[in-house]
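Subject: Structure for your review

Dear colleague,

Please find the structure below, followed by an account of what was found in it. I would be grateful if you could read the two side by side.

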Amino acid sequence: MHPARLATVLLLAALPLSACGASDPTSENAAAECEAHIQRYLDSPADTEFDASPEVTLTSQGETDSGPYWDFEVVGSVDIDYRSGGTEHRDYTCTVTQHAGDWVVVDMA
């Protein structure tokens, strides 16, 4: 096999291995999903700093016809420095579900 093709095959084979940790139903991954959700919806933030240890609670878990699920509540805060020069501190409560390997934020306050 040509070396360039071998490198491509090895990289493609490694992708699923490196991504599988992010779908695990852990407190850390639930907090990371909420933080990513917040960053996606902020108005042009220049910098965000989340508290180092948000409170994460497993609120329920179970099984559906399409597989197991885990529901988490994440409570934390974020400091936002906007590009316009303003700063803001926000507390948040995020409800997130992991179902069949996919994370979904179902509520945000």
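Helices (H or I, at least four residues) and strands (E, at least two) are DSSP runs, numbered from the N terminus. This is a predicted model, in which local features need pLDDT of at least 70 and side-chain atom pairs count only at pLDDT 80 or more, while totals for chains, interfaces and linings use all residues. Residues are numbered from 1 along each chain as its sequence is written, and side-chain values use heavy atoms, with hydrogens and water left out.

Overall layout

The protein chain contains 2 helices and 5 strands, and along the sequence they follow the pattern α-α-β-β-β-β-β. Of its 109 residues, 26% count as buried. Here buried means under 20% relative accessible area, exposed means over 50%, and partly exposed lies in between (1.4 Å probe, protein chains only). The accessible areas come from the Shrake-Rupley method with a 1.4 Å probe, and for residues only the protein chains shown count as cover.

Aromatic pairs

A pair of aromatic rings is described by the distance of the centres and the angle of the planes. Rings of Phe, Tyr and Trp (its six-membered ring) pair if their centres lie within 6.5 Å; planes under 30 degrees apart count as stacked, over 60 as edge-to-face and the rest as tilted. The structure holds 2 such pairs. In one of them, the ring centres of F50 and Y92 are 6.2 Å apart and the planes stand at 85°, so this pair is edge-to-face. F50 belongs to strand β1 and Y92 to strand β4, so the pair ties together parts that are 42 residues apart in sequence. F50 is buried, at 15% relative accessible area, and Y92 is buried as well, at 5%.

F72 and W103 form a tilted pair, with 5.8 Å from centre to centre and 40° between the planes. Since F72 lies in strand β3 and W103 in strand β5, this pair ties together parts that are 31 residues apart in sequence. F72 is buried at 3% relative accessible area, and W103 counts as buried at 13%.

Strand β3 also holds Y69, which counts as partly exposed at 23% relative accessibility. The C-alpha atoms of Y69 and W103 are separated by 9.7 Å, although the two residues are 34 apart along the chain.

Charged side chains

Side chains of opposite charge can pair when their charged atoms come close. A salt bridge is a side-chain nitrogen of Lys or Arg within 4 Å of a carboxyl oxygen of Asp or Glu. The whole structure has 2 salt bridges. E33 meets R40 in a salt bridge at 3.8 Å, N to O, and E88 meets R90 in a salt bridge at 2.9 Å, N to O. E88 is partly exposed, with a relative accessible area of 31%, and R90 counts as partly exposed at 35%.

On the surface, D47, E49, D79 and D81 gather in a patch of negative charge. Patches are made of residues with over 30% relative accessible area and no salt bridge, with like charges joined within 9 Å and nonpolar side chains (Val, Leu, Ile, Met, Phe, Trp, Tyr) within 5 Å. D81 sits in strand β3 and is partly exposed, at 34% relative accessible area.

A backbone detail

A100 lies in the loop between β4 (87–99) and β5 (102–108). Its phi is near 55°, a positive value in a residue other than glycine.

Yours sincerely

Definitions and conventions
Lys, Arg positive; Asp, Glu negative; His and termini not counted. Charge placed at Lys NZ, Arg CZ, Asp CG, Glu CD.
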